[in-house]
Amino acid sequence: MAFGPIFRSTLRNPTGALLIAIQIALTLAIASNMFYMVNERVEKMSRDTGVVNEEVIAARVFYFGKAVDKAAQADIDRKTLLEIPGVKSVSYSNSMPLGGNNNTSSLCFEQEGDEDSCPHSPSYYRSDVNFHETLGLDLVEGRWLNDSDNVTTDAISIAETRTMMLSEVLAKLYFPEESALGKQLYLGGRELTIVGVYRQLLRPGARATEADHTILTAERRTSGYLAIRVDQDRIEQVKEKLEATMVGLNDQRVITEIETMDEMAADAYRRDKAMVVLLLSVVALLLLVTALGVAGLVSFTVANRKKQIGTRRALGASKRDILAYFISENFAITALALIVGSGMAYALNQYLLQTYELARLELVYVFVAAASLLFISQFATLLPALKASKVSPAIATRTV
Amino acid sequence: MLRMNKISKVFSTDLIETHALREFDLSVAEGEFVTVTGPSGSGKTTFLNIAGLLETFNSGEYFLDGEDVASLNDRQRSQLRNQKIGFIFQSFNLIPDLDLFDNVDVPLRYRGFSSAERKKRINYALERVGLAARAKHLPSQLSGGQQQRVAIARALAGEPRFLLADEPTGNLDSLMARQVMELLEEINSEGTTIVMVTHDPSLARRSQRNIQIIDGQVSDQQQLAQAV
Amino acid sequence: MFTYYCKLAWRHILQTPALSLLIIMAIALGIGASMTMISYYKAMAHNPAGDRSDKLHAVQLAAYGNDMETWGMSDGFPRQLTHQDVKNLREADLSFPSTPIYQFMTVIVSQREGVAPSNDYAGRFVDRDFFSMFDVKFLHGGPWSESVDEQPENQVVISKALSEWIFGEVNSVGKTFAMLDGIMQFTVAGVYEEFNPQPAYYDLTTGYFPREGAGVFAPYSLVEQLETFPMGNISGWQPEEVNGFKDILKSEYVWQVFWTQLDNEAAKAQYKEFLKGYVEQQRELGRFANQNPRGDIKDVETWLNYNEVISEDNRVMVGMSLLFLLVCLVNAVGLLLAKFMRKMNEAGVRRALGASKGQIFSQYLVEVGMLGFFGGLVGLLLASIGLWAVRELYGTDIARLDFSLFIGALLLSLLASLLTGILPALRVCNSNPSIFLKAQ
């Protein structure tokens, strides 16, 4: 079937076609940007924490009594907890990946660094020496922090710390050409020597960018976050008993926010998840509305052209021809609209880029959105087109 | 009542111009019953649409009841149409989802009568055509002849001075056609001017004057009876 | 005529139920989605300070050294203040109501039987002026006396809910309970109804939309003797030896906020002048050694914007939902055209019977308006479901439909539908009536 006559007939009464086209173009512009935003969030939420998520529980330990020997208590805690079946490792830290209490400082090449010598501001963990084992981190080079690095106790600043470990990403950023081992950097003005590099550990909180810029330092930590590594099948049991066990050992403290890593991730990514759910709901409704709109307008066209269809049938057009007629008409309109819509998608993305800190739209999202729209539009045409193909040729000869 | 001087109407598309009426002259006196005949495409319908103020014309003059309609805007033309003209169509053109009462009500609504006045007029008009008992029926529940009588009631309800009928009996069998024709004659005898387009020579013969239109011009006028 | 048009519109809607329903749903979905996002946005953009908004001012100081160019927020001020500065501002010889604020977490011991101590309670150290400045409504008692701001006493102001949790009764004025280390006793000076403005503009450093209000208010004059660590943001610009609470008090770390009430321009000018002098004086003492040492005051509205209480996500979603509304309306235009095209003949008959173009146009616009009204009602229903979902997703209690949103939604849908209806209604009233009157 030739496209020529279809276009001419459409051009003679363009309102319906124009409305379909506007709707599809707008939908493409919106949907492709939404798909993109959704994907950005999904990627963020599925980032590698560096932690064996399914085996780790964390809780916050908060002392209120003043006359407590916290260091001794931490040793007792560790010993007692390790006796619980399934518990493999116990550690205290100031914060947890995806958790609260974020310590951030600029990391510089020089002591009195200006901006050029301090290119990044990583988060640093102040944990006891078991932290890497409890979280299940991977060593890339050098050594883990040990008792020789263990200096201060629950201090507010890191005044006495001398050594640190960097995440692989951070090490590469500072020393792209050579090994970072043995090098010195200044963290908040304090000179620290790099003794090891680990593969990955996310920051506390849920930052979108530079989330893997982290540092590990060691100290004799006795409160803050308590992290426990447990056999996966015992994790719920341990979690349930944890508060009673800890308060049983010392009632001058409170244990709160007892969560598995998965639960912590859910909390941290709450806003991202909300955004994904909202965006996907709007995209789904958008596609539904567009499909209904196309179906509605095509039925309208079919109703208007009943006589013409009947005449065509009377003149020898088969049912297939009529079906093909409407399908190809819709195809032509949709294809044109998608071309215009791609331009609009790009324009909308430009606007979003300038107004908000969104990344540049990748072409693949426009393709995915365009392909789904073409499918939806053609599918929505099918039903009214089938109805059109059933128009009796006799209608042509009827007067009323 | 109606006077047209050198009315011309041209329909133009990109390619061709069609002259529907060419220097068309016609006068109809108050109280006349005039029939208009002519072959398909001769301009009968265009004449009727212009006479009924549904369409405008390109040149010439048209006086309706002494008023020059060329200078009127849409609102004024609509008002004039509403007050002075009643329409009757071949296909009745009743509004299918309104019952008879509401159908007859339509022109009265645009006239702005009070609700009591409308009710009085509707009942009177329906009684006049013998369908008062069916006021709550829908048009589809009536026969063709009955529908056309409702259309006549609707045209009469506003007490127009001038009735325009476009093949009012074209969709009716001969018995019903005769009844409708008799009703129109009765209305005419009460003083309402009627212009009726028809194909049927026997109907044309019953009027006082027959006008034949060919190629957008009056080609022949026959005086058939004296005006009352 | 309007009632006649309404009657006709209603009849026509009933005649084409499927098409009408589609149009109503298209409008409703668009209104529902956009009202959901607008309501949420509006809740976030709410300024709970009301007519005190331009009187209350947050004080900021560029109190950093090292000859740094900038630190903190984009305008070179940190959001919070050092203890040294708060202490100086508090003791300055000025007559304006003012208060420092910082949050702590505390253990509270209930006196009811079988109820274990809990540390889930937040408290804030404030001065007496806090209660009048931030309009805290008392049920019993009131703020501690003025002298307590100078001569510290273990007095507190607690919420109704906390009073019931500790004592099992609302009026606990004059009673004492154990707090902080679980031993120290504090006397209740006043009980307030509920204080949880959204956003929590009085202390944005601890979250913008907290589910729980501030529980315990304790006199700021107690800070130095109680040595209670803050629960919130602490930031610094230089490495410092800090090993205990006393070190924090002396440090250059910023961790408190300070509010002052300045009722008119003269007061504002006076306060700015005072800050200028204060910065000079501190500079002579060797502090504020940066390139642009200065102080600033920001009123509540400015403070809320400055802290970006409304998130970027929220703005994006409002924009996206409005685009969605646009698509729904384009959709409605198509469906309305389809609906009205079936009525071309009727419109022709009405024209022949004396209706002017304007009257036909009005008739169809009334019908569109009616569809828009129903669309708005259904849209409100969808919006309340949407807002429920938003509250669940974000875990907040804000963003509920109120009367102004109710009216806003109906107006928006009416306006949107009338805009939508113009094209189809024009199509109907402008078509040549005569072609619809012929037999075929």
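These notes cover the cysteines and the chain contacts of a predicted model.

1. Disulfide count. Over all chains, the count of disulfides comes to one. The bond joins A:Cys108 to A:Cys118, with 2.1 Å between the two sulfur atoms. A disulfide is a covalent bond between the sulfur atoms of two cysteines.

2. Geometry and position of the bond. The link of A:Cys108 and A:Cys118 is right-handed, with 105° about the S-S bond. The two partners are ten residues apart, and the pair links distant parts of the chain. A:Cys108 lies in strand β3 (residues 107-108) of chain A, whereas A:Cys118 sits in the loop between β3 and β4 (123-127) of chain A. Both A:Cys108 and A:Cys118 are buried.

3. Cysteines of chain C. C:Cys6 takes part in no disulfide. The cysteine sulfur nearest to C:Cys6 belongs to C:Cys429 and is 18 Å away. Is C:Cys328 buried or exposed? C:Cys328 counts as buried because its relative accessibility is 0%, and the cut-off for buried is under 20%.

4. Which chains touch. Two pairs of chains are in contact, and of these chains A and C share the most contacts. Chain A and chain B do not touch, and their nearest C-alpha atoms are 9 Å apart.

5. Extent of the interface of chains A and C. Chain A brings 47 residues to the contact and chain C brings 49 residues. The size of an interface is often given as the accessible area lost when the parts come together. Between chain A and chain C the buried area is about 4300 Å². Carbon and sulfur atoms give 72% of that area.

6. How many salt bridges are found across the interface of chain A and chain C? The rule finds one. Its partners are A:Arg41 and C:Asp313, whose closest N and O atoms are 2.6 Å apart. Six residue pairs are in polar contact across the interface of chain A and chain C, counting pairs with both residues at pLDDT 80 or more.

7. The chain A side. Four elements of chain A give two or more residues to the side that touches chain C: α2 (15-45), β11 (253-260), α8 (270-304) and α10 (319-355). Of these, α8(A) gives the most, with 17 residues. By residue class, the side of chain A that touches chain C has 27 nonpolar, 13 polar and seven charged residues.

Methods
Residues are numbered from 1 along each chain as its sequence is written. Chains are lettered from A and ligands numbered from 1 in the order in which they are written. This is a predicted model: local features need pLDDT of at least 70, side-chain atom pairs count only at pLDDT 80 or more; totals for chains, interfaces and linings use all residues. Side-chain values use heavy atoms; hydrogens and water are left out. A disulfide is a pair of cysteine sulfur atoms within 2.5 Å. Buried means under 20% relative accessible area, exposed over 50%, partly exposed in between (1.4 Å probe, protein chains only). Contact means heavy atoms within 4.5 Å. Buried area is the accessible area (1.4 Å probe) that two parts lose on being put together, summed over both. A salt bridge is a side-chain nitrogen of Lys or Arg within 4 Å of a carboxyl oxygen of Asp or Glu. A polar contact is a pair of N or O atoms within 3.5 Å; within protein, one must be able to donate a hydrogen and the other to accept it, and residues adjacent in sequence count only if both atoms are side-chain atoms. Ala, Val, Leu, Ile, Met, Phe, Trp, Tyr, Cys and Pro count as nonpolar, Asp, Glu, Lys and Arg as charged, and the others, Gly among them, as polar.
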